[in-house]
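Please read it alongside the sequence and the model shown below.

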Amino acid sequence: MEDVNRWVVELQATHDQKKLADEANQIGKAISVKEFCRFYKLKQESTKSSPSGRHVGHYKVAAKVEDLSWLHTVIINVSLVCGVSLDRWKQSVNIMIEKDPGSPKIHRLRVIQLFE
């Protein structure tokens, strides 16, 4: 019972209603070409490919070419704005691992969910 009480106290301390609402509002918003490029420039190419067979290297190259990064961003944003998930996005499961204990950082989940 002591562990449960400690967990409840920690949960209450990290539950900031306004902060959580602000982060939740970020989910589903359009991303910029700059965000797309920044994400894939930092992504390690050794990251496993998705079930669609498209290798991370494909996106890394696209992030270096203005027209390709723009095209990928448009595809992502049309899906977000229309609320339609692409079939290949439905073939994988993304899990967010808490980076900082007690601080889920929903904005990181937004990025993880968008890409394969």
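What share of the contacts in the chain with a separation of 6 or more comes from residues 24 or more positions apart? Such residues account for 59% of those contacts. The model is a predicted one, and the points below are grouped by topic.

**Overall architecture**

- The chain contains six helices and zero strands, and its pattern along the sequence reads α-α-α-α-α-α.
- Of its 116 residues, 25% count as buried.
- The chain exposes about 8300 Å², of which carbon and sulfur atoms supply 58%.

**Helix α3 and its buried face**

- Helix α3 spans residues 33–42, and its buried residues are Phe36, Cys37 and Tyr40.
- Viewed down the axis of α3, these buried residues fall within an arc of 95 degrees, so they line one face of the helix.
- Lys34 and Leu42 are exposed on the other side of α3.
- The packing partners of the buried residues of α3 are α4 (56–62) and α5.

**Aromatic residues**

- The count of aromatic pairs comes to three.
- One of them joins phenylalanine 36 and tyrosine 40 in a tilted arrangement, with 5.2 Å centre to centre and 55 degrees between the planes.
- Phenylalanine 36 and tyrosine 40 are separated by about one helical turn because they stand four residues apart in helix α3.
- An α-helix has 3.6 residues a turn, so residues three or four places apart point the same way.
- Phenylalanine 36 has 0% relative accessibility and counts as buried; tyrosine 40, with a relative accessible area of 0%, is buried.
- The rings of phenylalanine 39 and tyrosine 40 have centres 4.9 Å apart and planes at 85 degrees, so this pair is edge-to-face.
- Phenylalanine 39 is partly exposed, its relative accessible area being 21%.
- One aromatic cluster is formed by Phe36, Phe39, Tyr40 and Tyr59.

**Serine 69 in helix α5**

- Serine 69 belongs to helix α5, which covers residues 66–82.
- Because its relative accessibility is 2%, serine 69 counts as buried, the limit being under 20%.
- Apart from neighbours within four places in sequence, serine 69 contacts Val33, Phe36, Cys37, Ala62 and Ala63.

- Glycine 83 is placed in the loop between α5 and α6 (106–114).
- With a relative accessible area of 64%, glycine 83 is exposed.
- Glycine 83 and glycine 28 lie 55 residues apart along the chain, and 7.9 Å separates their C-alpha atoms.

Terms used
Residues numbered from 1 in each chain as written. Predicted model: local features only at pLDDT ≥ 70, side-chain atom pairs only at ≥ 80, totals over all residues. Heavy atoms only, no water. Helix = DSSP H or I, 4+ residues; strand = E, 2+ residues; numbered from the N terminus. Buried < 20%, exposed > 50% of the residue type's maximum accessible area, 1.4 Å probe, protein only. Contact = heavy atoms within 4.5 Å. Areas by Shrake-Rupley, 256 points an atom, 1.4 Å probe, with all protein chains shown as cover. Arc of directions from axis to C-beta. Phe/Tyr/Trp six-rings, centres within 6.5 Å; stacked < 30°, edge-to-face > 60°.
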